Each structure stands twice: as structure tokens, then as C-alpha cells.
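Hi everyone, thanks for coming. Let me put it on the screen.

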Amino acid sequence: MTGSEAAGRRGAACVLGIDLGTTSVKAALVVGGEVAESCSREIRAHTASSSAGPQGMEQNVWKIIRALNECLAALPQQQLQSVRHIGISGQMHGIVFWKRDQGCKWTESGTGPTFEPEEVSNLVTWQDGRCSPSFLSSLPQPQSHISLATGFGCATVYWYLSKSPDFLKSYDAAGTIQDYVVAMLCDLKKPLMSVQNAASWGYFNSRSKSWNTDILKKSGFPVHLLPEVGDPGSTAGRTIYAWHGIPKGAEVGIALGDFQCSVYSCLTERTDAVLNISTSAQLTISMPLGFQPPETPDPFSAVTYFPYFDGNYLAVAASLNGGNVLATFVDVVAQWTAELGLEVQESTIYTKIIKAALAQNNSRLSIHPTIFGERHMPEQLASVTNISVSDLSLGHVTRALCRGIIENLHSMLPSERLMETGVTRILGTGSALARNEVLRQEAERIFPFPVIYGKDVDAAVGAAMVMLHRK
């Protein structure tokens with residue numbers, strides 16, 4: 001549907017979906033259940049951590065909001081003026097701190113009122129590595145079905161409490177980046193967080209839908225920073241200004257997890273599994289209706305149960321190693337090339353290594369690609385075995401690397417487990433899978449199910465659809 005066709009549909013509900021991702025921001029206008037317009041902007045927000053050093057992974061919130069404003073400014077003003085509902089998702093686990101009364105500053109722009117961050121910290125992202133295994137083991141045992149890991153919001157707060165307590169004294173509110181945006185749009189005095197995002201922080205009981213307040217208080221945790229919690233799909237509030245021309249008073253949904261919204265945008269059958277490879281990688285299946293996760297997690301289990309919608313759960317093999325592994329490999333090749341006095345664009349390198357791998361149908365080289373570790377095995381890093389002189393070409397190495405990414409996911413959630421839950425096909429989605437034919441070949445080789453492509457996974461669209469279906 002074109003934008004003009006969508007605009008011409010009388011009475012069709014117009015919903016704005018936003019996703020605040022790790023590498024980009026996306027906005028989508030959904031009219032009558034179909035995407036009418038969309039826009040994305042890279043955020044390029046990574047910044048050095050002054051407190052955590054090289055282990056820290058932080059993003060500049062001002063740059064994230066700038067990309068969001070650019071995205072919305074690029075959408076048709078006429079359609080933004082017909083938006084009545086806004087759904088927002090974003091990267092889970094991470095945490096940003098702000099002062100409640102000074103979280104942002106509203107100003108007039110060419111498209112209407114916009115906000116800029118004011119007294120706001122950097123976003124400490126899900127990729128943050130400051131919490132070592134020894135530090136995590138020193139923390140109180142959570143009453144949660146999800147194992148605590150570095151990059152989880154509550155773990156990061158404990159780190160600041162131990163290493164830099166004065167930092168926390170500067171702020172009186174915290175949330176994920178998507179919770180921050182919702183709080184600013186609706187002028188929430190106390191941040192509101194969905195069960196999906198709360199579970200991703202740790203120290204949250206999904207059954208009772210409550211924080212482990214007693215456990216946290218006993219260890220001196222600043223519980224006043226914890227947001228209120230609500231059900232995914234519920235309303236957080238209404239816009240206080242005509243943000244980018246969207247009418248004041250538009251309904252804003254409670255912020256959602258980008259992962260759940262991505263799945264929501266494409267998963268229509270309970271017999272489907274979703275293989276998503278973007279920055280990271282996930283293999284997901286729906287759990288049976290009525291399923292409840294165990295009271296305590298198996299710390300060595302590769303499968304996590306994510307709260308979904310309407311009390312349901314997804315079983316997820318959530319790998320930290322996906323398209324970021326290939327991006328790192330491209331970066332290394334570019335560095336080596338530069339050290340040899342040559343200069344090649346990274347985009348050219350990516351195209352050429354994929355072409356080289358397509359010329360090699362197989363490689364005896366074996367690459368375990370976990371350069372970023374895994375949450376259930378943070379200390380097991382990458383390795384290369386079965387090296388022979390005949391398998392050292394760029395094509396052999398790239399083929400083995402792509403196979404390793406798929407094999408790693410398969411080892412976390414094997415085909416046998418998929419069969420037990422009634423899976424009959426796999427939906428292949430995500431930017432890394434879409435642009436890499438070698439990854440697709442390896443997925444089709446390793447999984448004994450048909451792999452279907454073309455059902456685009458899109459968290460921004462998913463966030464909009466959640467609002468549309470729950471109006």
C-alpha cells in the first residue's frame with residue numbers, strides 16, 4: 001500500500017510503531033493493518049565508558065533521540081497528524097538513568113514539538129561486559145526464572161553501587177531506553193515498565209509480576225530506581241505535546257521488548273520456529289498455552305523463557321553471537337589490509353568474502369564463533385580447529401564462520417527439541433540472514449525443516465500491531 005492509498009482509507013486506524021535498536025532507530029506507520037510508510041536511521045551512538053573502561057558498552061542517549069527525531073521528521077506529516085496510538089519497543093536488558101523533573105527539554109522544530117535529553121546518563125547496553133562472573137557470583141541469588149548476566153539492568157546498578165556509588169546519587173529514575181522515551185512523551189512521574197523489560201533486568205518474578213524487593217533491600221540496592229511494572233499491551237499514558245505533529249493526547253503503549261515485537265510481527269502459527277540473525281541471533285519457539293517457567297533457572301541452560309503476550313512464553317536460544325561476529329571478521333580483515341598499506345571499504349570486503357564463500361560449498365575448518373561469549377557460558381570464547389593447509393582461503397574461512405554461527409544456535413536449541421514441540425517449519429528473518437546467502441545455505445543444511453524467508457521481522461511494525469490489536 002502506498003502512503004497516498006493509506007491516507008485515503010477513511011476510518012482506517014493509523015498507528016505509529018517505533019523500535020529503538022542497538023544499531024538503528026526505526027519508525028513505521030501502520031494503517032488498516034498494513035505498513036504505509038517506514039523510515040530508519042543508524043544511531044552511531046557508541047561512546048567510551050569513563051567508569052568501566054574497555055569492558056563497558058555504552059551509548060549516547062542524545063544521539064539515539066536525535067536519530068529518532070530524524071526518523072519521524074522524514075515521515076509524511078499528513079499521516080503523522082492522523083496517528084492516535086503509538087507503540088514503542090527497544091533493546092532489552094540495558095539501563096539509562098535520569099532525573100525525573102529534568103529528563104528532557106521540549107523545543108519547537110519544523111515538524112512540531114520535539115524533546116532532547118537533559119539530565120540523562122549514557123545507556124549501558126545489553127552488550128556491556130563490566131560485570132565479571134566473579135562479581136555476579138557475589139550478588140544475592142535472584143528469585144527469578146532467568147539467570148542474571150552482565151548487561152542486565154539490575155546487575156549494572158549493583159556494579160555502580162560497588163564501584164561508583166556517587167554516580168547513582170545523581171539520578172532518581174531509571175529504565176530501558178524505550179521506557180525513557182515513553183516516560184518523556186507522557187510526562188510520567190514514575191517510569192512504567194512492561195513485564196517483558198522487567199524480566200530482562202533480572203531480580204524480577206514473572207509469575208507474581210513483581211521485583212525481588214526484599215532481596216534487593218537487604219543488600220542495599222536503591223529500590224527507588226525500579227520502575228512500576230505493567231502488562232505488555234497496556235497503556236502507559238498519553239502524549240503531553242503534539243510530538244512531530246502527532247495530536248496531543250495520542251495513546252502511548254507501555255514500552256515492549258524488541259525481541260518480542262520482532263516475533264509478534266512474523267509469528268502466526270504455533271508450529272513455526274523463528275530463526276532471527278541480526279546483530280545477535282535467536283532461535284525461538286512458542287511454549288504451550290498455560291506453560292509456566294521453573295521457579296529457578298538452570299544457570300547452564302542455553303534456553304531462556306521470555307514473557308510474551310497474554311501470559312504466554314517463548315522459549316529462546318538467545319545467542320550473543322550473530323551478525324556482530326561477521327562484522328568483527330570484516331573489521332579484522334579491514335585492519336589487516338590497512339596495516340599492509342592498502343585501503344578497502346568494509347562494504348566491499350563483506351561482498352567479496354560472501355562471494356568467496358559461495359564458491360566453496362564446504363569447509364573442513366571448524367569455527368566455534370563465540371567471540372562475545374554466551375550468557376550461560378560467558379568464559380567459553382571462540383576457537384578454530386581442524387585447520388589444514390587446504391582450507392585457509394578466504395572462502396573456506398567465511399564458509400566455516402557462517403556454519404559456526406548456525407551450529408552454535410542449533411547446539412543451544414537442537415532440532416530434537418523443536419520436533420518435540422511440534423515445529424514443522426522455520427521462519428528465517430533478520431538483516432544478517434537477509435543479506436548473507438551463505439548463512440541461509442547453512443541454516444537449510446543444518447535444520448531438518450523447511451526454512452521460509454520473506455516474512456520480514458520488524459520490531460517497529462510489531463510494536464504498532466500490538467497497539468492495533470489491543471485498541
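Predicted model: local features only at pLDDT ≥ 70, side-chain atom pairs only at ≥ 80, totals over all residues.

Let's begin with helix H13, residues 394-412, and its partner H16, residues 437-446. Their axes are 9 Å apart, and the packing angle is about 45°. That angle makes H13 and H16 oblique to each other, and their crossing is right-handed. On the H13 side, the residues involved are Arg399, Cys402, Arg403, Ile405, Ile406, Glu407 and His410. Facing them from H16 are Val438, Leu439, Gln441, Glu442, Ala443, Arg445 and Ile446. Sorted by class, this contact of H13 with H16 holds seven nonpolar, two polar and five charged residues.

Now stay with H13 and look at helix H11, residues 323-339. How do the axes of H11 and H13 cross? They come within 10 Å, at roughly 160°, so H11 and H13 are roughly antiparallel to each other. This crossing of H11 and H13 is right-handed. H11 brings Val325, Leu326 and Phe329 to the contact, and H13 brings Leu394, Val397, Thr398, Leu401, Cys402 and Ile405. You'll find eight nonpolar residues and one polar residue in the contact of H11 with H13, and no charged ones.

The next neighbour of H13 on my list is helix H12, residues 346-358. Here the axes come within 7 Å and cross at roughly 90°, so H12 and H13 are roughly perpendicular to each other. Ile353, Ile354, Ala356, Ala357 and Leu358 of H12 touch Leu394, Gly395, Thr398 and Arg399 of H13. The class count for the contact of H12 with H13 is six nonpolar, two polar and one charged.

Rolling a probe the size of a water molecule over the atoms shows where space is left.

How many cavities of 30 Å³ or more are there? The count comes to two. The largest cavity has a volume of about 60 Å³. Around it you'll see Gln143, Ser144, His145, Asn205, Ser206, Arg207, Pro293, Pro294 and Glu295. Five residues of that lining are polar, two are nonpolar and two are charged.

The second largest cavity has a volume of about 40 Å³. Its lining includes Gly87, Ile88, Gly233 and Ser234, as well as Ala463, Val466 and Met467. Strand S6, residues 83-90, and helix H17, residues 459-469, each supply at least two lining residues. H17 gives the most to the lining of this second largest cavity, with three. By class, the lining of the second largest cavity is six nonpolar and four polar, with no charged residues.

Last stop: the second largest pocket, with about 370 Å³ of space. It is lined by 29 residues, and those closest to its centre are Ile146, Ser147, Ser301, Val303 and Thr304. Which element gives the most to the lining of the second largest pocket? That is strand S21, with five residues. Helix H8, residues 195-201, also supplies at least two. The lining of the second largest pocket has 16 nonpolar, 10 polar and three charged residues.

That's my tour, and I'm happy to go back to any view you'd like.

Technical notes
Residues numbered from 1 in each chain as written. Heavy atoms only, no water. 1 Å grid on protein atoms, 1.4 Å probe; cavity = no way out; pocket = protein on both sides within 12 Å on 5 of 7 lines; lining within 4 Å. Points joined across faces, edges and corners; volume = space filled by probe spheres on them. Helix = DSSP H or I, 4+ residues; strand = E, 2+ residues; numbered from the N terminus. Nonpolar A, V, L, I, M, F, W, Y, C, P; charged D, E, K, R; others polar. Axes fitted to C-alpha atoms, helices over the stretch in contact; angles between N-to-C directions. Parallel < 35°, antiparallel > 145°, perpendicular 65-115°, else oblique. Left-handed = near helix turned anticlockwise from the far one by under 90°. Contact = heavy atoms within 4.5 Å.
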